[in-house]
Amino acid sequence: MADPLLSVQNLEISFLSGGEEIPVVRDLSFELAAGQTLGIVGESGCGKSVTALSLLGLVPNPPGRITGGRIVLEGEDLVRADEDRLTAIRGNDISMVFQEPMTSLNPVYTVGEQIAETARAHFRTSRVEAWDRAIEMLRLVGIPSPEERAHAYPHQLSGGMRQRVMIAIALVCEPRILIADEPTTALDVTVQAQIFGLFRELQNKIGAAIILITHDIGVVAQMADRVMVMYAGRKIEEGPVGAFIRDPRHPYTSGLISCIPQLSATPEDDPEALFEIPGVVPGPRELGAPGCAFAPRCHRAMTRCATQPPLDRRDDGRQVACWLEREAVA
Ligand code: SF4
């Protein structure tokens, strides 16, 4: 990829626990081009959300901190940026839609005020212009009667409405990178489609790049250009979305896809036959052992998987960390 907008290089994030610093994200590298949508998928606890927070300098410190690597936004390493610079980047360059709107919205201001304030800080417009912009954004995210709803406080809106307000706040400054962490989990399918339509508009209008964090491969198949799969704090597979869905190479990725009736080869009228990945993602403290972190859950594990960490194989714009790939070319 020529001149990526964002380049994450060998990122490591650790959390202090019981007097020890435990890595929760290890040796993570990826790139993002302008206008591209990167889907980051994996089960809860695989490191997706903390990776997203790190891009905004929002890893809660203490107990967490970035312990290695670089996050380069157009030549500037954000890991070394001070708080003032990170505050300027948040909203102006990188915005985030969080999973839980009630904890992200300020309960003592109306939603119109919160959107307008964000617009004012960014565009330096008058209060009247910022208020008009807030109403325009509420309309854009599909909130009915936006002139009235702009005067509502967060607790007076439904969960779905609050999520749309969060998206309005994230988009009002026309960021170059929008990070959306499970942005539509609480929304029905129709609203979900509207929100994704909005994201596409943003991309067409200003060439914004999107990082879409989700456990839902169906959403990724619909929205993303590239997909990165994380497991136990590491990237285990990355590639273009079409190839990823058609020909998943890592057993964990195959398992995730097999869980989705619309994407798996399983007949839709036989949901019982859908694959389920046994077990759970290991916690960070359980990752000290050498070998592949997925081995205890992998139906294709070999003897060496338990003792030797799999090396990456890269070809055709794809990257896979699994011994099976090495065997395939041996
Ligand atoms: Fe399974 Fe081994 Fe590949 Fe890990 S390296 S995913 S255990 S086959």
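The following legends describe close-up views of a predicted model.

Residues are numbered from 1 along each chain as its sequence is written. Local features in this predicted model need pLDDT of at least 70, side-chain atom pairs count only at pLDDT 80 or more, and totals for chains, interfaces and linings use all residues, while side-chain values use heavy atoms, with hydrogens and water left out.

**View A. Packing of helix H7 with helix H8.** Helix H7 covers residues 159-172 and helix H8 covers residues 189-206; helices (H or I, at least four residues) and strands (E, at least two) are DSSP runs, numbered from the N terminus. The axes of H7 and H8 are 12 Å apart, and the packing angle is about 0 degrees. H7 is therefore roughly parallel to H8, a term for angles under 35 degrees. Axes are lines fitted to C-alpha atoms, for helices over the stretch in contact, and angles run from 0 to 180 degrees between N-to-C directions. From H7, Arg164, Ile167 and Leu171 meet Val191, Gln194, Ile195, Leu198, Phe199 and Leu202 of H8, where contact means heavy atoms within 4.5 Å. Seven nonpolar residues, one polar and one charged make up this contact of H7 with H8. Ala, Val, Leu, Ile, Met, Phe, Trp, Tyr, Cys and Pro count as nonpolar, Asp, Glu, Lys and Arg as charged, and the others, Gly among them, as polar.

**View B. Packing of helix H4 with helix H7.** Helix H4 (residues 111-123) packs with H7 at an angle of about 10 degrees, their axes being 9 Å apart. H4 is thus roughly parallel to H7. Val111, Gln114, Ile115, Thr118, Ala119 and Phe123 of H4 meet Val165, Ala168, Ile169 and Val172 of H7. The contact of H4 with H7 comprises eight nonpolar and two polar residues, with no charged residues.

**View C. Surroundings of the ligand.** Around the ligand lie His250, Pro251, Cys292, Phe294, Ala295, Cys298, Arg300, Ala301, Cys305, Cys322, Trp323 and Leu324, each with a heavy atom within 4 Å of the ligand. This shell divides into ten nonpolar residues, one polar and one charged.

View D. Asp27, in strand S2 (residues 20-32), has phi near 45 degrees, a positive value in a residue other than glycine.

Methods. Parallel < 35°, antiparallel > 145°, perpendicular 65-115°, else oblique.
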